[in-house]
Amino acid sequence: MKLSMKEKASYGLGAVGKDMVYMLSASYVLYYYQDVCGVNAIAMGVILMAARVFDAFNDPIMGVIVAKTKSRFGKFRPWLLIGTLLNAVILVLMFSAPPALDGSGLVAYAAVTYILWGMTYTIMDIPYWSMIPAFTEGGRERENLTTLARSAAGVGSALITVVTMMSVMALGSGDERVGFQRFALIIAILFVLFICCTCLNIKEKSTVDVESPSVGQMFRALLQNDQAMTVVVTIVLINCAVYITSNLVIYFFKYDFGGEFWYSSYTLFNTFGGAMQILSMMLFFPLLRKFFNTIHIFYISFSMAVVGYIVLLVLAFTSMSNVFVLFIPGFLIFAASGMLTVLTTIFLANTVDYGEVKNNRRDESVIFSMQTFVVKLASGIAALVASICLSVCNLNSDTDAESVAAAAESSVAGLRMTMTIFPIVMLFIAVWLFYKRYQLTDDKVEALAEEMRVRREKGNV
């Protein structure tokens, strides 16, 4: 039975909430602790990276737990709601560092809350994305829902990038520490409300029961699914590129672009970029889909992103001071990022069907647990790279715009090059790997769906 508009809207609303929370953490936790609270940049980078290594064990285990769950509400919704409630509480605590703490105490507080945030986010994120293969058929229905969910997630991410700094300044009356605490509370409440809407209106379809895999079986299944592993590594590389830029762009505007009201230019740039990211998911991708297959659109998006980063690098070294000029590379990078987000989720969903045909198991929770892990791993790697850049360039809460202007050109150049050249290198590696290994063309996906349909009909005879 086809999905109703109510189901689609409810699922999309959940994506808005969860990605608001994720983007607030991914883009601003380093800035909050390093620039607002005064934690050493390298220390924060190590904390963020270590937390992601911990998630290497946490995420797959959660995938197994979801697969084993049996309840009157299904196997996805209970964990979706539990994880959301816990994560909302931890989010507020993470951006509410006690003012009395400093030094090692503040580092410990940041480490504990960030690790707990990652654990609780995993509890809700894995069942959320695992529901796609569980209540959609392969092909266009799944692709359309994935596009909708990713578009909605893009809306959530864009809202955070657009309103965060202006809201923080307003809510805290100029005190960023107070502003972040109050803003995190508002986002946490919206997060809970949106996910409750998803849980009330979405039900997965009944599927054939299979023996739940052990952790060892799960890793073997992933290693046997060569297409899933290809997509997973591609996602890591693409997200590393995106998160390096998103972590450093706020420092670019504050310390390089400069000005007393730098956050206004930063907000304006993010407003434009967020709009382009949403349009790319809701308009550009569907438009291109009429003329090209998904793999061709992947290469088009890659080319747009690389050209955008090159233009941004050139403009950064021209000492320009007009934020509207940055809209040129911003359009290319944000639009490409939006389409790549949709595409990689479609590709990953397709590998679930591929794995079922190849390995005679339908491990949607297992496959999508890897997406959660690799996205967080990418944010951890990006945060470490960004923190090293900030330390080397000597950019921190004690550095004002005048000091940066008088600093050695190499320090500013390091910031500019890290946020552009690193992403370009990672994108090239990603596209090379994808070109060499990915085989699930549109025709192949349709053939897989047909083969599964025939198998199920035979199984019901």
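What follows is a working chat about a predicted model of one protein chain.

Student: What are we looking at, and how is it numbered?
Tutor: This is a predicted model, where local features need pLDDT of at least 70, side-chain atom pairs count only at pLDDT 80 or more, and totals for chains, interfaces and linings use all residues. Residues are numbered from 1 along each chain as its sequence is written, and side-chain values use heavy atoms, with hydrogens and water left out.

Student: How many helices and strands?
Tutor: The chain has 16 helices and 0 strands. These are DSSP runs numbered from the N terminus: H or I of at least four residues for helices, E of at least two for strands.

Student: How much of the chain is buried?
Tutor: Of its 461 residues, 60% count as buried. Buried is under 20% relative accessible area, exposed is over 50%, and partly exposed is in between (1.4 Å probe, protein chains only).

Student: And which share of the contacts joins residues at least 24 apart?
Tutor: Among contacts between residues at least 6 apart in sequence, that share is 85%. Contact means heavy atoms within 4.5 Å.

Student: Salt bridges next. How many does the structure hold?
Tutor: There are 2 salt bridges, each being a side-chain nitrogen of Lys or Arg within 4 Å of a carboxyl oxygen of Asp or Glu. Lys18 pairs with Asp19, with the closest N and O atoms 3.2 Å apart. Lys18 also meets Asp125, at 2.7 Å from N to O.

Student: Which parts does the pair with Asp125 tie together?
Tutor: Lys18 is in helix 1 (residues 5-36) and Asp125 in helix 4, so the bridge links parts 107 residues apart in sequence. Through shared partners, Lys18, Asp19 and Asp125 form one network.

Student: Is Lys18 buried or exposed?
Tutor: Buried, at 1% relative accessible area. Asp125 is buried too, and so is Asp19, at 10%.

Student: How many aromatic pairs?
Tutor: The count is 28. Rings of Phe, Tyr and Trp (its six-membered ring) pair if their centres lie within 6.5 Å; planes under 30 degrees apart are stacked, over 60 edge-to-face, and the rest tilted. Phe252 and Phe253 are edge-to-face, because their centres are 5.5 Å apart and their planes are at 85°.

Student: Which residues do ring pairs link into a cluster?
Tutor: Tyr28, Tyr31, Tyr32, Tyr33, Phe95, Phe180 and Tyr251.

Student: What makes up the nonpolar surface patch?
Tutor: Phe317, Met417, Ile421, Val425 and Ile429, covering about 410 Å². Patch residues have over 30% relative accessible area and no salt bridge; like charges are joined within 9 Å, nonpolar side chains (Val, Leu, Ile, Met, Phe, Trp, Tyr) within 5 Å. Areas come from the Shrake-Rupley method with a 1.4 Å probe; for residues, only the protein chains shown count as cover. Helix 15 (residues 421-437) gives the most, with 3 residues.
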